[in-house]
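Hi everyone, thanks for making time this morning. I'd like to walk you through one model, so please have a look at it while I talk.

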Amino acid sequence: MQTIAATIRLGTISLLAAWFLGFAFAPPAAIAASPTVESSNGESVPDAGDSQSDHWSFRAPQAFPIPAVTDSSWPRQPLDHFVLAKLEAEGLKPSPPTDRVSWLRRVHFDLIGLPPTIEEVDAFLNDSSELAYERVVDRLLASPNHGERWGQHWLDVVRYADTHGFEVNTERPHAWPYRDHVIAAFNADTPYDRFVRDQLIGDRLGQDAATGFLVTASVLLPGQIGADEPSKRLARQDALDEIVVNVTQTFLGLSVACARCHDHKFDPISQRDYFAMQAFVAGVEYGDRPLETPEFLAARARAESLRTDLAELDRELIRFEPLAGSGRRRPAVNARHNLDRFTPVTTDRLRFTVLETNRLEPCIDELEVFHVDGRNVALASLGTRVTSSGDKNVRDRHELRLINDGVYGNSSSWMSDEVGGGWVELAWDEPQAIDHVVWGRDRQGKFDDRLATRYQIEVADGAGEWTVVADWQDRVAAGESIETGSDAEQKAEPDATERQRLELVARKSDLEKQIETASQPPLAFAGVFRKPDAIHLLNRGDPEQPEDPVGPSVPTIFGGEDVTAGLDPVDESARRTALADWIASPDNPLTARVIVNRIWQGHFGTGLVATPSDFGLSGLPPSHPELLDHLTLDFVRGGWSMKRLHRQIVLSAAYRQSSAINPDAIAVDADNRWLWRYSPRRLEAEAIRDSMLAISGQLNRQMFGRGYNLFNQRGGLSGFTPVESFGPEGLRRLIYAHKVRREREAVFGAFDCPDGGQSAARREESTTPIQALNLFNSRFTLERAEGLADRLVRTAGDDPREQVTLAFRLTLSRQPEPDELDDAVGWVAEQGLATLCRVLMNSNEFLFVP
């Protein structure tokens, strides 16, 4: 008796806690589906005893038999048997099928986010066979618009945006390759288990952009946090926490991050489990990474060929360069490229000495010494040894070993430890016949400080005596031309030799530009990977209170296995691979269930589990647990194909139901959790905007690439001025807009469009005055209405009745009723055709999935 009473008290506490967290809005029947015990009066109450480890979602999906139903003629797919069995058990009946046009609009919006064209409506209505439905679905699943529609659902969940968020909210200019990857993967029907692996280890699978998933969240980058070490440690912990949040709630539907500071209050996730998950991604940094796409690899191969041509040109141009010390004036020293040519000499040592700089310690980027046959014999890869007067080492940026590593740029250069001076010496095992030296301060031309303005180049003879072969003295001063004064006045038209030199110089400049373009890999904000941090259990989640070290392992509830056992502990990618293998395993009880539920939600508005990112004890239980397990197992058996699941759902009898109201059914199931009808819902912001563009004939269907601007700036804390009138680039689908985190799109943001700050596993559906005002009065709507009116005149001519009829068919996919036609013709005569177009775009029939 005491045990039952305690259970009841615990159940009451759990229910109150769930209500406080916003989870107590489940229909009574859904709560009753939870594990129960019998109280002293014979009533069932939620089982809040030791049931954490036996929670339904932590158990493997079960293979339930297809249930028998009374009305065996209704089901069209196996899933329909489960839906109908539940309805019959509750004393309910399914609604009759909806009309064909309503189904066509429904499936168009669900699968591609755009309304059907007049031609598509006519073709469907004229095809009376049952296969007509299948043909429509197959066409839509094959459309490139499918990935754009369902890619947006995924981006909502993972918090995708094109800015970094937080206080500074600076632009994240290379985030969009991840968005494009998602769209392409959905279009290709990438098996979901492979899709998961791509998100976590795409860098190992030839899908570099896919790991943008790991770093989609807000972050404070270096320079945006405090300079003190505690601030840096806290920022690092926050960054790792965001990755754990993304991984666990997206793939597993669990709020593991709630255990950052203490054991999870509801789910069997300990604080140690949380940090063990963090250890899997402890080597992930937020940042850009080069993409080795097939296009770039081809361009890089082309660049290598061009470099051979450039080397040949350089050899030809050398003969036009004046010898150092010849009495001819030479160009001024510059930061990017300097050539010192001298009479060929054979030596086993060369010294470059800096005598003066424009400021600070000298920096030399790639000291190159050329053999008379044109080879750069200074390269470290050839065994050339290098010493110096002293180095100012900055790790991985300014080191002596970088002066002859063959890599250009400030980040691969040598810096002296002496202000205004210093020397570096190259030595060879065998004497080299050399005739010129090339050097610079920054061969990429980004920096011009620390430039050697006075210098000398010496070679050693066999006796060890040093001889100057070139120096600064015959170079003109900075900003001064070689031809000045009387030289310039006396200069005649270039002779044949000079013309030949100028032609070679022009060819060289063109080749250098081609090489630079081809050598720059595209970048993606897809994470930078390094040696993993040492992860510790943090008391109260405070990085200043580290306790025991924690290695990567799966949560204890799933076995607590160290899936990295036997792997190199510093192999960062091995950790992520082990995590990906565990999550994407068919034995994982959550992964397939979670994505099946997300896809179901995308078609019915609410998932079988109404809390799509919380399958834990705080979340709601499934309305149809047997159906969820049936679909999950079938999904895995079917090769994890998302398009196959889409097809099953939209061809089902449950999906084909009418949305008509049934008062008797509402009295039993007001929220339609038992699916006695199809619940109509308002289109999302993207589908509304895209549809307005489509029917007006103004939609730019260009896919992929850098996002277009919605505001006058692409990042920043505040001061965003919305773009009101868009050019062709801004008439692409809204998924291709540059998404500023925490700043909603000016017109359609009011339609519950997520701002990228938090995961939006399920969008809210509010109704506010600002929505109506935006949609009726915005410049965007006015321009689309004018565009649609122009289309009507072009297509239907000057006949108002033909114009109105076409307007209805384009916007609502149907003919106007006789009274609608008469009223609309009168309205057009009075208010104009564009006004009618605006009214139709604001109608519920246009804005809702029927």
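This is a predicted model: local features need pLDDT of at least 70, side-chain atom pairs count only at pLDDT 80 or more; totals for chains, interfaces and linings use all residues.

Residues are numbered from 1 along each chain as its sequence is written, and side-chain values use heavy atoms, with hydrogens and water left out.

Let's begin with the domains, whose bounds come from an automatic or database domain assignment. Domain 1 covers 57-95 + 586-679, domain 2 is 99-133, domain 3 is 200-222 + 232-290 + 528-583, domain 4 is 330-481 and domain 5 is 682-849. Between the C-alpha centres of domain 2 and domain 3 there are 45 Å.

Now the cores. By nonpolar core I mean a set of buried Ala, Val, Leu, Ile, Met, Phe, Trp, Tyr and Cys residues joined through side-chain atoms within 4.5 Å. Buried, here and later, is under 20% relative accessible area, exposed is over 50%, and partly exposed is in between, with a 1.4 Å probe and protein chains only. The largest core holds 161 residues, and Trp154, Tyr192, Leu200 and Phe251 have the most contacts inside it. Apart from that one lies another core, of 27 residues, with Ala324, Ile364, Val424 and Leu451 among them. If we zoom in on Leu200, what does it touch, leaving out residues up to four places away in sequence? With contact meaning heavy atoms within 4.5 Å, the list for Leu200 includes Phe213, Val247, Phe251, Arg576 and Ile583.

On to the sheet. Strands (E, at least two residues) and helices (H or I, at least four) are DSSP runs, numbered from the N terminus. Two strands count as paired if DSSP finds at least two bridges between them. Have a look at strand S10, residues 422-439: it is mostly covered, with 13 of its 18 residues buried. S5 runs antiparallel to S10, joined by 13 bridges, and Asp340 stands opposite Val437 in S10. Strand S7 (residues 368-371) also runs antiparallel to S10, through four bridges, with Glu368 opposite Val438. Strand S8 (residues 385-388) pairs with S10 in the antiparallel sense over four bridges, and there Thr387 has Glu425 as its bridge partner.

S5 has another pairing to show you, with strand S11 (residues 452-460), antiparallel over seven bridges. In that pairing Arg351 stands opposite Glu458. S11 then joins S12 through five bridges, again antiparallel. Their hairpin has five residues between the strands, and Gly464 takes a positive phi near 90 degrees there.

Next, two helices; the expected span I quote is 1.5 Å times one less than the number of residues. Helix H14 (residues 496-519) has 24 residues and reaches 34 Å from its first C-alpha to its last, close to the expected 34 Å. Its buried residues are Leu504, Lys508, Leu511, Ile515 and Ala518, and they pack against helix H12 (294-318).

Helix H22 (residues 779-796) has 18 residues and reaches 25 Å, close to the 26 Å expected. What covers its buried residues includes H20, H21, helix H23 (800-812) and helix H25 (833-841). Just after H22, Gly797 takes a positive phi of about 75 degrees.

Last, the salt bridges, each a side-chain nitrogen of Lys or Arg within 4 Å of a carboxyl oxygen of Asp or Glu. A search of the whole structure finds 61. One of them joins Arg475 and Asp340, at 3.4 Å, N to O. Arg475 lies in the loop between strand S12 (466-471) and helix H13 (486-490) and Asp340 in strand S5 (residues 338-357), so the pair ties together parts 135 residues apart in sequence. Arg475 and Asp340 are both buried.

Another links Asp690 with Arg733, with the closest N and O atoms 3.0 Å apart. Asp690 is in helix H20 (residues 685-696) and Arg733 in the loop between H20 and helix H21 (769-777), so this pair ties together parts 43 residues apart in sequence. Asp690 is buried at 3% relative accessibility, and Arg733 is buried at 5%.
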